[in-house]
Amino acid sequence: MKQYLLLIAIALTGQVNAYNYRDMEPLKLEVPEMKAELVRQPPVSFDIVAPMPSPNMDFDFFKLKTNPDVKPYKFMDDLTFVGVPLFVAGWAIKSDKAMFRVNQKAENGGKKNTQLLTDFKTGIDDYTQFFGPAMVVGLKLGGYEGRSSWPRLLASAGASYAIMAGFVNGIKYSAKEMRPDGTTANSWPSGHTATAFVGASLLHKEYGLTRSPWWSVAGYGVATATGVMRVLNNRHWISDVMSGAGIGIMSTELGYALCDLMFKQKGLLRNDLVLESGNPSFFSVSMGVGLGNKDLDFESEGETLGLQFRAATVVDAEGAYFFNKYVGVGGRLRVRAQSAKDFGDFANYVAIEDFYAWQSLQPLYESAFPGDYTGTPDQNEITYLRKVGYVTDSESAWNDNAPVTNSYGIVKSDHITEFTGSVGVYFNLPLGNHFSLGTKALVGRSITQELDIDGHAEGNKKDISYTLELDNRPDYRYADGDPTLSLNNLEYPNNTGEKWTDDWEYLTVGAESSTSFGTGISLTYRYKSNFSWRFFCDYDYTRKNFTAKYDPFHFVQNSMTSGAGFLTDTALMLSTGEDSDGLGLEAREYHVRKHMNYVTLGLSFLVNF
């Protein structure tokens, strides 16, 4: 029906239009008079529109180009001095150096088994330290014009690296700080981190200030990651990294200031971008040091085992959008890595030669190493060990025939790492054209990556011949009614000819995810229209349920036959009145709920938009 009505409407419209033209007179066409003339035409030309020019690769390393209308930089124009407090902060926390050195060799001919080893190692930081200069050179060669022409760029970079090298090496070989892994005494400050932050500052000055602020974010982000990897690789303390970052930034600012004084306007291609907005919206990358909650103690049935930690390494990515100059909303992703300073009693049983470890294992191997001990454990340790038979001339604890020939721990991760994502409200109070105070109120979720140590032990499987007498008479039963047992005709343990080896999870310490609350106060210095440096002090609170799984004697049953193992359990019961489980030879699990109060001091690099 709709189509039918549409056809009728079209027909009526056509009819109306036909009536309009019915009374019109015929159209008359008048032909103008034409004269033949010979006209000379200009030559035909074709206008070819050239395509948009592509960037020309720049290999003019010795040509000091200067673009017109580029204002010269004055000496001190770009000096923020932000590297000075960062260096001082690293120097101030230098005292936190008592880290448990996982790779330090035992003195006086000690054996490999007396140390905790670590197999965590990444070589990425050896390359990321050069990210900044690699990007600057690549962009420059590709024709992407930055702040300086080649001669001025090379002079600025050379001066920056020279100043950095002088500071770093002069301090390194004067302070003589031992590295966390105990290899060399040239830890403070970190040369890798200083190199990385010189490169990041080069990228910031050449392209971040003049082309896009995200080049600056990329450079400082990779430099921060380099410093964090130096800590996680156990090559540097957090104080080394913070001081190295401060030296890197400070050296680049001084290098560019000297070249600005020497070159003046020559060799400049672009000036800084200018952002007219005064809105405090920002994106930032941060590095800081975390303080507070350095001890973690587990208690179970009257036994206390603990871990001690050093100051944490903290890195952030944070951003906020402000509705006006005072209030905004945003979020923060924080990574907090806290390394163990001392594994405490958890490390006792990895180094089997340790006196107290042997004392704990004495009921296990007393039957395997018969001795004539008559003294007390308070006597000289070596004398005690020799008298109980663990260190004998016929078979020492560590020769090729011993039940355990080698034992050590492998540190898979010597730190507890927390990943926290938070959102909330941000506040800003302007103090003038360049400075402002800030605070925030955040809530988020914290996830924990665990500390992990694996155990390794190997040796010879032993068998022991013996007779076991069971006395079931009522007068000879134990107090609990069980029959008495006695061992007779014990023989010196014999090698079965089999080798045994055991790899297991010696210690893991982790925590459940939890809700986190955070706040803080900051001072922001806006030294360019869209770039700022911020010093901050943050406080974070969370309540965590920690779990430690501890299995120090997992290898014991592997070192003997099933019959010898039964004998061991029996010897334990006869000597102590308890079975092996009662002595804690099984895997143990500890739990503790702790209120975690974190204080973080650090520095942020901000891009304002």
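1. Let's start with a pair of helices in this predicted model. Helix 5 and helix 6 cross in a right-handed way. Helix 5 covers residues 150–175 and helix 6 covers residues 191–208, and the two pack at an angle of about 155° with their axes 10 Å apart. Because angles over 145 degrees count as roughly antiparallel, that makes helix 5 roughly antiparallel to helix 6.

2. Which residues make this contact? On the helix 5 side they are Leu153, Ala157, Ser160, Tyr161, Met164, Val168 and Lys172. On the helix 6 side, look for Gly191, Ala194, Thr195, Val198, Gly199, Leu202 and Glu206. Sorted by class, the residues of the contact of helix 5 with helix 6 are eight nonpolar, four polar and two charged.

3. Now please find helix 8 (residues 238–263), whose axis comes within 9 Å of the axis of helix 7 (residues 213–232). The axes of helix 7 and helix 8 cross at roughly 150°, and these two helices are therefore roughly antiparallel to each other. The crossing of helix 7 and helix 8 is right-handed. Tyr220, Gly227, Arg230 and Val231 of helix 7 meet Ile238, Val241 and Ile249 of helix 8. The contact of helix 7 with helix 8 has five nonpolar residues, one polar and one charged.

4. Stay with helix 8 for another partner. Helix 2 (residues 83–92) packs with helix 8 at an angle of about 160°, with their axes 7 Å apart. That makes helix 2 roughly antiparallel to helix 8. What is the handedness of the crossing where helix 2 passes helix 8? This crossing is left-handed. From helix 2, the residues Gly83, Val84, Leu86, Phe87, Ala89, Gly90 and Trp91 take part. They meet Ser239, Met242, Ser243, Ala245, Gly246, Ile247, Ile249 and Met250 in helix 8. The contact of helix 2 with helix 8 holds 10 nonpolar and five polar residues, and no charged ones.

5. Next, have a look at the largest nonpolar core, which has 30 residues. Phe298, Phe346, Leu451, Leu507 and Val509 touch the most other members. Which elements give two or more residues to this core? They are strand 3 (295–300), strand 4 (303–309), strand 10 (451–463), strand 13 (494–511), strand 15 (531–550) and strand 16 (588–608). Strand 13 provides the largest share, six residues. Apart from this core lies another, of 26 residues, including Leu86, Val241, Ala245 and Val285.

6. Beyond its neighbours within four places in sequence, Phe298 is in contact with Glu303, Thr304, Leu305, Phe346, Val509, Phe546, Thr547, Ala548, Tyr590, His591 and Val592.

7. Is Lys544 buried or exposed? Lys544, which sits in strand 15, has a relative accessible area of 1%, so this residue is buried. Not counting residues up to four places away in sequence, Lys544 touches Glu418, Ser446, Thr448, Ala511, Glu512, Ser514, Val592, Arg593, Lys594 and Met596. One of these, Glu512, is 32 residues from Lys544 along the chain, and their C-alpha atoms are separated by 6.5 Å.

8. Finally, step back to the whole chain. The secondary structure comes to 11 helices and 16 strands. Of the 609 residues in the chain, 47% are buried. Among contacts with a separation of 6 or more, 80% are between residues 24 or more positions apart.

Conventions: Residues are numbered from 1 along each chain as its sequence is written. This is a predicted model: local features need pLDDT of at least 70, side-chain atom pairs count only at pLDDT 80 or more; totals for chains, interfaces and linings use all residues. Side-chain values use heavy atoms; hydrogens and water are left out. A nonpolar core is a set of buried Ala, Val, Leu, Ile, Met, Phe, Trp, Tyr and Cys residues joined through side-chain atoms within 4.5 Å. Buried means under 20% relative accessible area, exposed over 50%, partly exposed in between (1.4 Å probe, protein chains only). Helices (H or I, at least four residues) and strands (E, at least two) are DSSP runs, numbered from the N terminus. Contact means heavy atoms within 4.5 Å. Axes are lines fitted to C-alpha atoms, for helices over the stretch in contact, and angles run from 0 to 180 degrees between N-to-C directions. Angles under 35 degrees count as roughly parallel, over 145 as roughly antiparallel, 65 to 115 as roughly perpendicular and the rest as oblique. A crossing is left-handed if the near helix is turned anticlockwise from the far one by less than a right angle, and right-handed if clockwise. Ala, Val, Leu, Ile, Met, Phe, Trp, Tyr, Cys and Pro count as nonpolar, Asp, Glu, Lys and Arg as charged, and the others, Gly among them, as polar.
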